[in-house]
Amino acid sequence: MVSGKEKRLRRIFREDGRTVIVPMDHGVTSGPMRGLRDVQGAVDRVAAGGADAVVLHRGMAMRVDTGGLGLVIHLSGSTRLGPDANYKVRVCSVEEAVRLGCDAVSVHVNVGSAQEHEMLTKLGEVADSCSGWGVPLLAMIYPRGPGIKDEHEAGVVAHAARLGVELGADIVKTNYTGDVETFREVLRGCPVPVVIAGGPRAKTKDGVLKTVYDSIEACGAGVSIGRNVFQHEDPSLMTRAIVGIVHKGFTIEEASRILGGGR
């Protein structure tokens, strides 16, 4: 018998075991930023490019038609206007996400922050609830705090990824280490699919594509890239280029040709 959690995961991951997720939860942190002023339009553009899933907060999930895309509802939030943007609090329940038709939920934890213990407590509570509802849990878990000198250093990234699976995550999203071999070490210590974050807007299109390509070379499970997709001059083409690498085995050069002269 196939469980409800397995059925939902199949709506996010393809048969190759990989996924292209485009997070669009940035409106809580940063407001109506460029590329997300019209969220329905942004969803439609990445869907046209072949994305597998999007991440939305509950309010947008009520208002946006995600069509055939997998829907991950984000349960954490903070704003850049508050005293500590790294302190993520719970803003939605698993039960509400299920009512809104989610295929998974996500929780953000910043390991090394002053409130790490509170965020870990919430992650554990959400994992319990996800087990009861048969809902996959995506842990967006990053080394980020005053004691973290390098958020991409392999040791702290590996610790963050392992922490996510130890506390019940079915998928882990974390930073790419910047190197194929060190990222392989991260993956060896995390027995659930690991997808990489995109981070701030990259300077060049090929910089984004190389990061995606290298992570797949390391046997990563795909990407969860937001700003470098929805803020690109043609989000559909950028999505298509990333999908080419993740699902079709494209080289960086082949994927870059999809984008033509765009940056």
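Predicted model: local features only at pLDDT ≥ 70, side-chain atom pairs only at ≥ 80, totals over all residues.
Residues are numbered from 1 along each chain as its sequence is written, and side-chain values use heavy atoms, with hydrogens and water left out.

Helices (H or I, at least four residues) and strands (E, at least two) are DSSP runs, numbered from the N terminus. The expected span of a helix is 1.5 Å times one less than its number of residues, and the table sets this value beside the distance between the end C-alpha atoms.

| Helix | Number of residues | End-to-end C-alpha distance | Expected span |
|---|---|---|---|
| α6 | 18 residues | 26 Å | 26 Å |

Helix α6 covers residues 116–133, and its buried residues (under 20% relative accessible area, with exposed meaning over 50% and partly exposed in between, for a 1.4 Å probe and protein chains only) are M119, L120, L123, V126, A127, S129 and C130. These buried residues pack, with contact meaning heavy atoms within 4.5 Å, against α1 (4–10), β5 (89–90), α5 (94–99), β6 (104–111), β7 (137–143) and α7 (154–166). After α6 comes G134, which has a positive phi near 70°.

In α7, the buried residues are V157, A160, A161, L163, G164 and V165, and they pack against β6, α6, β7, β8 (171–174) and α8 (180–188).

**The crossing of α3 and α11**

Two packed helices are described by the angle between their axes and the distance between the axes. Axes are lines fitted to C-alpha atoms, for helices over the stretch in contact, and angles run from 0 to 180 degrees between N-to-C directions. The axes of α3 (residues 39–48) and α11 (residues 235–248) come within 7 Å of each other and cross at roughly 40°. That makes α3 oblique to α11, since angles under 35 degrees count as roughly parallel, over 145 as roughly antiparallel, 65 to 115 as roughly perpendicular and the rest as oblique. On the α3 side the contact is made by R45, V46 and A48, and on the α11 side by P235, S236, T239 and R240.

**Two single residues**

R63, in helix α4 (residues 58–63), counts as exposed at 63% relative accessibility. R63 and V39 lie 24 residues apart in sequence and 9.3 Å apart in space, C-alpha to C-alpha.
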